[in-house]
Amino acid sequence: YFNGDKVPRDVDKAIHYFSLAAKQNYSAAQYNLGIIYFKGDKVPRDVDKGIHYFSLAASHNQPMAQFNLGYIYYCGLFVLRNIDKAIYYLSLAAKQYQSDAQFYLGSIYYEGLYVTHDIEKAIQYFKEASCFNHPRAKNNLGIIYKTGKGVPMNPHASIEYFEEAIRQKGDEVAMFNLAHLHFYEEINKTDLAKAIELLVKSAIKKNKLSVDLLILAVMKKYEKLNNSILEQEFEEIDKEKGHLIANLIIKE
């Protein structure tokens with residue numbers, strides 16, 4: 001009834017049946033009611049009701065409800081930020097292999113904004129999320145080993161994580177970070193062609209930092225800019241959109 005799947009959509013009926021199931025401790029129904037009320041999806045938003053149903057579902061080990069509560073308290077979405085509650089619920093979800101929860105726990109300990117900075121815990125949670133192919137976790141691990149913030153610098157480990165994020169999810173931020181390594185010779189050698197390839201692909205995904213670095217890479221490669229040659233080079237990287245990025249770089 002809520003989705004209107006082969007029947008006319010009827011939100012009131014959906015809430016009625018979800019509520020019946022929720023009273024019998026069916027966690028998926030509790031979670032769905034939490035989503036409906038917290039988002040105000042076809043009903044007036046009711047944050048308290050949303051959190052109430054998320055809490056019921058979380059108490060029955062529903063990992064997405066646990067993650068949502070953790071995220072709500074971490075960001076302070078319609079509630080006061082509460083980092084202790086955030087860590088509590090994110091930890092429950094992380095134990096059930098919810099990769100977003102593992103990622104945000106890693107971010108909390110890496111940033112050290114509301115808790116003591118703990119690089120070992122950050123790496124632990126990022127690696128757990130990385131095991132479930134979370135691209136942002138892989139990218140963050142790449143950054144940690146690239147910068148050596150709290151750990152020995154390891155450019156080759158950072159390359160592995162950036163390449164995994166790119167291979168699995170086509171992550172444009174990882175593309176930029178890997179191109180940065182190649183462009184600035186942070187791995188004892190430069191590979192300008194590889195840097196340009198990565199930056200073009202990242203720029204196509206609208207990464208503004210990649211556009212800025214790509215301008216520098218083009219200036220470094222060509223003493224005099226030849227528009228047709230640049231368009232041809234970028235089209236070899238991406239047949240459909242390469243010329244658009246070439247025109248953007250020429251204009252900039």
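Biologist: How many residues has helix 6, and how far does it reach from its first C-alpha to its last?

Modeller: Helix 6 has 13 residues and reaches 18 Å from its first C-alpha to its last, close to the 18 Å expected at 1.5 Å a residue, where the expected span is 1.5 Å times one less than the number of residues. Helices here are DSSP runs of H or I with at least four residues, and strands are runs of E with at least two, numbered from the N terminus. Please keep in mind that this is a predicted model, in which local features need pLDDT of at least 70 and side-chain atom pairs count only at pLDDT 80 or more, while totals for chains, interfaces and linings use all residues. Residues are numbered from 1 along each chain as its sequence is written, and side-chain values use heavy atoms, with hydrogens and water left out.

Biologist: How many residues of helix 6 are buried?

Modeller: Eleven of its 13 residues are buried, so helix 6 is largely enclosed by the rest of the structure; buried means under 20% relative accessible area, exposed means over 50%, and partly exposed is in between, with a 1.4 Å probe and protein chains only. Among the buried residues of helix 6 are Phe103, Tyr104, Tyr109 and Tyr110.

Biologist: And what do they pack against?

Modeller: The buried residues of helix 6 pack against helix 4, helix 5, helix 7 and helix 8, with contact taken as heavy atoms within 4.5 Å.

Biologist: Switching to rings, how many aromatic pairs does the count come to?

Modeller: The count comes to 18 aromatic pairs, under a rule by which rings of Phe, Tyr and Trp (its six-membered ring) pair if their centres lie within 6.5 Å, with planes under 30 degrees apart called stacked, over 60 edge-to-face and the rest tilted. In one of them, the rings of Tyr37 and Tyr53 have centres 6.1 Å apart and planes at 15°, so that pair is stacked. It links distant parts of the chain, as Tyr37 belongs to helix 2 (residues 27-39) and Tyr53 to helix 3 (residues 47-59), 16 residues apart. Tyr37 and Tyr53 are both buried.

Biologist: What about Tyr109 and Tyr125, how are their rings arranged?

Modeller: Tyr109 and Tyr125 form a stacked pair, at 6.2 Å centre to centre and with 10° between the planes. This pair also joins distant parts of the chain, with Tyr109 in helix 6 (residues 99-111) and Tyr125 in helix 7 (residues 119-131), 16 residues apart, and both tyrosines are buried.

Biologist: Which residue lies over the face of Tyr110?

Modeller: Lys149 lies over the face of Tyr110, at 4.7 Å from the ring centre, and Lys220 lies over the face of Phe183 at 4.8 Å; a charge sits over a ring if NZ of Lys or CZ of Arg is within 6 Å of the ring centre and within 35 degrees of the ring normal. Tyr110 is also part of one aromatic cluster, together with Phe67, Tyr71, Tyr74, Phe103, Tyr104 and Phe126.

Biologist: Which residues have the most contacts inside the largest nonpolar core?

Modeller: They are Phe54 and Phe126, in a core of 42 residues, a nonpolar core being a set of buried Ala, Val, Leu, Ile, Met, Phe, Trp, Tyr and Cys residues joined through side-chain atoms within 4.5 Å. Another core, of 31 residues, lies apart from it and includes Phe176, Leu192, Ile196 and Val200. Leaving aside neighbours within four places in sequence, the contacts of Phe126 include Phe103, Tyr110, Leu141 and Ile144.

Biologist: Is Ile249 buried or exposed?

Modeller: Ile249 counts as buried, at 5% relative accessibility, and it lies in helix 14 (residues 242-251). Ile249 and Val218 are 31 residues apart in sequence and 8.4 Å apart in space, C-alpha to C-alpha.

Biologist: Where is Lys42, and what is its phi?

Modeller: Lys42 is found in the loop between helix 2 and helix 3, and its phi is near 70°, a positive value in a residue other than glycine. Lys42 is exposed, with a relative accessible area of 56%. Lys206, which is not a glycine either, has a positive phi of about 70°, and it counts as exposed at 76% relative accessibility.

Biologist: Last topic, how many disulfides does the structure hold?

Modeller: The structure holds zero disulfides, a disulfide being a pair of cysteine sulfur atoms within 2.5 Å. Cys75 counts as partly exposed at 27% relative accessibility, whereas Cys131 counts as exposed at 63%.
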